[in-house]
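Visitor: I would like to learn how to read contacts in a model with two chains. Could we go through it feature by feature?

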Amino acid sequence: MTQDNKQNKTEWPLWEVFIRSKAGLDHKHAGSLHAADVEMAIENARDVYTRRQEGVSIWVVESKNIHASDPAQSESMYEPANDKIYRHPTFYNLPDEVKYM
Amino acid sequence: MTVYSFQQHFDDKIDSDITIEPKDWMPDDYRKTLIRQISQHAHSEIVGMLPEGNWISRAPSLRRKAVLMAKVQDEAGHGLYLYSAAETLGISRDEMYAQLHSGKAKYSSIFNYPTLTWADMGAIGWLVDGAAIMNQVPLCRTSYGPYARAMVRVCKEESFHQRQGFEIMLTLAKGSEVQHKMAQDAFNRWWWPSLMMFGPPDAESPNTESSVRWRIKRFTNDELRQKFVDVTVEQAKVLGLQIPDKDIKWNEERGHYDFGVINWDEFKNVVKGNGPCNKQRLEARKSAWEKGQWVRDAATAHAEKRKARKAANANTKAA
């Protein structure tokens, strides 16, 4: 993820690249690059991020279209999950006879 | 929150090894230090393509040629990962290029030495990439997230670079007498500049203290240099080449190799711009940038035209 830069007018837009490393897996953020348009962004992503068969599928999205949560708000944002351990299976005590649950 | 609490929060994170991410608050000096270091690192990758690019068309076999091209391509990639990491700190790509071209930003002084023979391709891979790896492995755990992630990627790709260089050296060193001489000559010329790659001695390195405090750097210049000497001396034995330093000696007490005095005047002089190839390297970069202007303009114009055509088509359909 990239901060908004004082962008030079002639600079190609910035794109974030997401790569699926093999069939069945999620696309994962790989990095970013500059390209004039979406076709060039995908081709450049191929050259920059998959030189060693790292991917079978590429997503690109212009960086300016990504909206992120505010790290300064992290505490209040994620705090509600902290005291809800009953959402995890290990919270529950079962008799030893019960298997495979 | 007051400025103090931002600072406190940042220090706490650093102390507990929690990475700093682009949108987190960070002290100005931390940001500045990172921009300087990451952009300098990126420039080094990009300028580093030039000495090796010199030999692609004259590689001695198709195999060597394919390998060298792959290596130079990797260096372009590494430069791009690093430029992107620096951009997350709020500097634009064009600003960084401008700083390189004006001489304001530095790149590793090693690339200001000429590549005179094919053996230099071996020596660069073995020594220069070897020294770079020594520097870069601890950077995979550097405190700034985007830099650390870029370095993980770089390090994964870099180890083939060193191996292919060592293989070239081994082939030459075990070859004919002339080939062996060529390998030794390349070793002689690249050894000292490789030791300089770790930067000035700790006592004279102005940025070391704060960089270590911020966990940007995990080891000092001298620590890494010593580590490099220790492993390289052993590797030279395998090659059957002589270390071009009469003071190289195992020091039982320290558990390290002692080595001779580095010519820091030469280093300073090359950094200042007076190395054998500074001018040539910078000219090559500037000329590539200037001659590529029409390509960048054409791609922008093409993208705009396509966008306009798409919009026009959508309008017709709507109507």
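Guide: Ground rules first. This is a predicted model, where local features need pLDDT of at least 70, side-chain atom pairs count only at pLDDT 80 or more, and totals for chains, interfaces and linings use all residues. Residues are numbered from 1 along each chain as its sequence is written, chains are lettered from A and ligands numbered from 1 in the order in which they are written, and side-chain values use heavy atoms, with hydrogens and water left out.

Visitor: How many salt bridges does a search of the whole structure find?

Guide: The rule is geometric: a side-chain nitrogen of Lys or Arg within 4 Å of a carboxyl oxygen of Asp or Glu. Over all chains, the search finds 28.

Visitor: Where do B:Asp29 and B:Lys32 lie?

Guide: Helices here are DSSP runs (H or I, at least four residues), numbered from the N terminus; strands (E) need at least two. Both residues sit in helix H2 (residues 28-47) of chain B, three residues apart, about one turn of the helix.

Visitor: Is B:Lys32 buried or exposed?

Guide: Relative accessible area decides (1.4 Å probe, protein chains only): buried is under 20%, exposed is over 50%, and partly exposed is in between. B:Lys32 has 55%, so this residue is exposed. B:Asp29 has 45%, so it is partly exposed.

Visitor: Which parts does the pair of B:Glu167 and B:Arg64 tie together?

Guide: Take the bridge itself: the side chains of B:Glu167 and B:Arg64 meet at 2.6 Å, N to O. B:Glu167 lies in helix H7 (residues 145-173) of chain B and B:Arg64 in helix H4 (residues 62-87) of chain B, so the pair ties together parts 103 residues apart in sequence. B:Glu167 is partly exposed at 31% relative accessibility. B:Arg64 is buried, at 15%.

A second case is the salt bridge of B:Asp129 and B:Lys71, at 2.9 Å, N to O. This pair links distant parts of the chain, with B:Asp129 in helix H6 (residues 119-139) of chain B and B:Lys71 in helix H4 of chain B, 58 residues apart. Both partners are out of the way of the probe by the cut-off: B:Asp129 is buried at 5%, and B:Lys71 is buried at 0%.

Visitor: Which residues do salt bridges with shared partners join into one network?

Guide: A:Arg51, A:Arg52, B:Asp74 and B:Glu157.

Visitor: What is in contact with B:Asn221?

Guide: Contact means heavy atoms within 4.5 Å. Leaving aside neighbours within four places in sequence, B:Asn221 is in contact with B:Phe198, B:Gly199, B:Pro200, B:Asp202, B:Ser205 and B:Thr208. B:Asn221 is in helix H10 (residues 221-239) of chain B and is buried, at 6%. A polar atom of its side chain lies 2.9 Å from the backbone oxygen of B:Pro200.

Visitor: What area is buried between chain B and chain A?

Guide: The size of an interface is often given as the accessible area lost when the parts come together. Here the loss is summed over both parts (1.4 Å probe). The area is about 2,300 Å², and carbon and sulfur atoms give 46% of it. The contact takes 30 residues from chain B and 24 residues from chain A.

Visitor: How many salt bridges and polar contacts are found across the interface?

Guide: A polar contact is a pair of N or O atoms within 3.5 Å; within protein, one must be able to donate a hydrogen and the other to accept it, and residues adjacent in sequence count only if both atoms are side-chain atoms. The interface has six salt bridges and 15 residue pairs in polar contact, both residues at pLDDT 80 or more. On the side of chain B that touches chain A, H4, helix H5 (93-102), H7 and helix H13 (293-318) each supply at least two residues. The largest share, eight residues, comes from H4(B). One of the salt bridges joins B:Arg306 and A:Glu39, with the closest N and O atoms 2.7 Å apart.

Visitor: How are B:Trp126 and B:Phe187 arranged, and where do they lie?

Guide: Rings of Phe, Tyr and Trp (its six-membered ring) pair if their centres lie within 6.5 Å; planes under 30 degrees apart count as stacked, over 60 as edge-to-face and the rest as tilted. The count is 18 aromatic pairs over all chains. In A:Tyr86 and A:Phe91, the centres are 6.2 Å apart and the planes at 70°, so that pair is edge-to-face. For B:Trp126 and B:Phe187, the centres are 5.0 Å apart and the planes at 50°, so the pair is tilted. B:Trp126 lies in helix H6 and B:Phe187 in helix H8 (residues 177-196) of chain B, so the pair ties together parts 61 residues apart in sequence.

Methods:
Buried area = accessible area lost by both parts, 1.4 Å probe.
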